Amino acid sequence: MSPSVLFWLTYVPCLCLGLLCLLFVSFWSSHWHGGFSWDGSDLQFNWHPVLMVAGLVVLYGNAVVLYRVPFTWKQKKHTWKLVHAGLMLLVLLLSVLGLCAVFDNHRFFKIPDMYSIHSWVGICTVIMFAFQWLLGLAGFLLPCSPLGFRSNLKPVHVWMGKAILILTVASCISGIDEQLFFTLDGIIGKPYSSLPVEAKFANSLGLLIVAFVLVVFGILSKNNWQRPETDNESVPLVLNENST
């Protein structure tokens, strides 16, 4: 079986897993927690998991494998660098909106901020991502960037990209668990320990996120799915040093 066929047999499930992640997190917030609003209430908080999963999981995961998609090889790499950078900027915007949703909700109900491991890991993930985006912009898109700086930046860019994906999974799993502990306290309805339907559904969301990220790492690990390099494409804007 040719490498391109094997790629699509992996990439299509990746797209499907990403779509399922979006559907699951949206349904969870809508069906069990009342839907969405932007008024400081719990309905505004419901935007937090949706925006974070949409941005730092699904959109980010697809953006980092962008160079592996064969039809992108027919165009100039600089064009896809711009697309990649634009997608990453959208990830950053969605993440900031997700943080605004939860901070506004905490302010509305006078709930303390930044006390849980979920909040610590989550804010570190967003800060690292913002720093990564700025470094990528400076090192790989600005024409005045020295080649030596690009070469030295590349391993840092590679490491940070991998770390962000790992931290994103940790943030999502801890956030799902924290939300279930808060809402399924046994006072209203069944406790979390009895594994009600909402807990099963939310835990399934966590598994989907893990599966999606594992498939992304699998795509990046295949050297024969790299974008063919030319002499004028020596320093790519990538997550993985073998992902072009």
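Modeller: Helices (H or I, at least four residues) and strands (E, at least two) are DSSP runs, numbered from the N terminus. This is a predicted model, where local features need pLDDT of at least 70, side-chain atom pairs count only at pLDDT 80 or more, and totals for chains, interfaces and linings use all residues. Residues are numbered from 1 along each chain as its sequence is written, and side-chain values use heavy atoms, with hydrogens and water left out.
Biologist: Where does Asn 46 lie?
Modeller: Asn 46 is in the loop between α2 (42-45) and α3 (47-64).
Biologist: Buried or exposed?
Modeller: Asn 46 counts as buried because its relative accessibility is 4%. Buried means under 20% relative accessible area, exposed over 50%, and partly exposed in between (1.4 Å probe, protein chains only).
Biologist: What is Asn 46 in contact with?
Modeller: Leaving aside neighbours within four places in sequence, Asn 46 is in contact with Ser 29, His 33, Gly 34, Gly 35 and Phe 36. Contact means heavy atoms within 4.5 Å.
Biologist: Which atoms of His 33 and Asn 46 lie 2.8 Å apart?
Modeller: The backbone oxygen of His 33 and a polar atom of the Asn 46 side chain.
Biologist: New topic. How many salt bridges does the count come to?
Modeller: One, where a salt bridge is a side-chain nitrogen of Lys or Arg within 4 Å of a carboxyl oxygen of Asp or Glu. The side chains involved are those of Arg 107 and Asp 104, at 2.8 Å, N to O.
Biologist: Where do Arg 107 and Asp 104 sit in the helix?
Modeller: They are three residues apart in helix α4 (residues 77-109), so about one helical turn separates Arg 107 from Asp 104.

Notes: Polar contact = N/O pair within 3.5 Å; in protein donor to acceptor, adjacent residues only side chain to side chain.
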